[in-house]
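Dear colleague,

Please read them with the model open beside you.

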Amino acid sequence: MQKIKVVIVGMGNVGRYVLQAVRESEDVQVVGIVELPERVTQIASQFNDLPVTSDIDQLEKPDVAILAIDKPSGAERCVEIPF
């Protein structure tokens, strides 16, 4: 069975719990993290096993995008998912 490819948008507290839950699933694979440009370097240094970018087009095409963002920053962090 082919794994479902997931991108996590936002890697704050919620994103970290989402990442943990997704990694525990056998049928899901995280293909990357999308974060604000000013946080990409910081997040990439914490999760060096995953690609981290502010441009979802730089990642492998996902089947699902999980928005793990808080309401105040939601509008500026929305991305167009290339399905």
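**The sheet and its surroundings**

Four strands form an open sheet in the order 3-2-1-4, and their pairing is parallel. Strand 3 (52–53) and strand 4 (64–67) are at the edges with a single partner strand each, so one side of each has no neighbour in the sheet. Strands here are DSSP runs of E of at least two residues, helices are runs of H or I of at least four, both numbered from the N terminus, and two strands count as paired if DSSP finds at least two bridges between them.

Before going further, please note that this is a predicted model, in which local features need pLDDT of at least 70 and side-chain atom pairs count only at pLDDT 80 or more, while totals for chains, interfaces and linings use all residues. Residues are numbered from 1 along each chain as its sequence is written, and side-chain values use heavy atoms, with hydrogens and water left out.

Strand 1 (residues 4–9) runs parallel to strand 4 and is joined to it by four bridges; in this pairing Val7 stands opposite Ala65, and Val9 stands opposite Leu67. Strand 1 is also joined, by six bridges, to strand 2 (residues 28–34), again in parallel. From strand 1 the chain passes through helix 1 (residues 13–24) to strand 2, a β-α-β crossover that is right-handed (with the strands pointing away from the viewer, the path from the first strand over the helix to the second runs clockwise).

**Lys5**

Lys5 lies in strand 1, and its bridge partner in strand 2 is Gln29. Its side chain makes a polar contact of 2.7 Å with the side chain of Glu60 (a pair of N or O atoms within 3.5 Å, where within protein one must be able to donate a hydrogen and the other to accept it, and residues adjacent in sequence count only if both atoms are side-chain atoms).

**Nonpolar cores**

Five of the six residues of strand 1 are buried, that is, under 20% relative accessible area with a 1.4 Å probe and protein chains only. A nonpolar core is a set of buried Ala, Val, Leu, Ile, Met, Phe, Trp, Tyr and Cys residues joined through side-chain atoms within 4.5 Å. The largest has 15 residues, and those with the most contacts inside it include Ile8, Leu19, Val30 and Ile43. Strand 1, helix 1, strand 2 and helix 2 (40–46) each give two or more residues to this core. Apart from it lies another core of six residues, among them Val9, Val31, Val34 and Leu59.

With best regards

Terms used:
Buried < 20%, exposed > 50% of the residue type's maximum accessible area, 1.4 Å probe, protein only.
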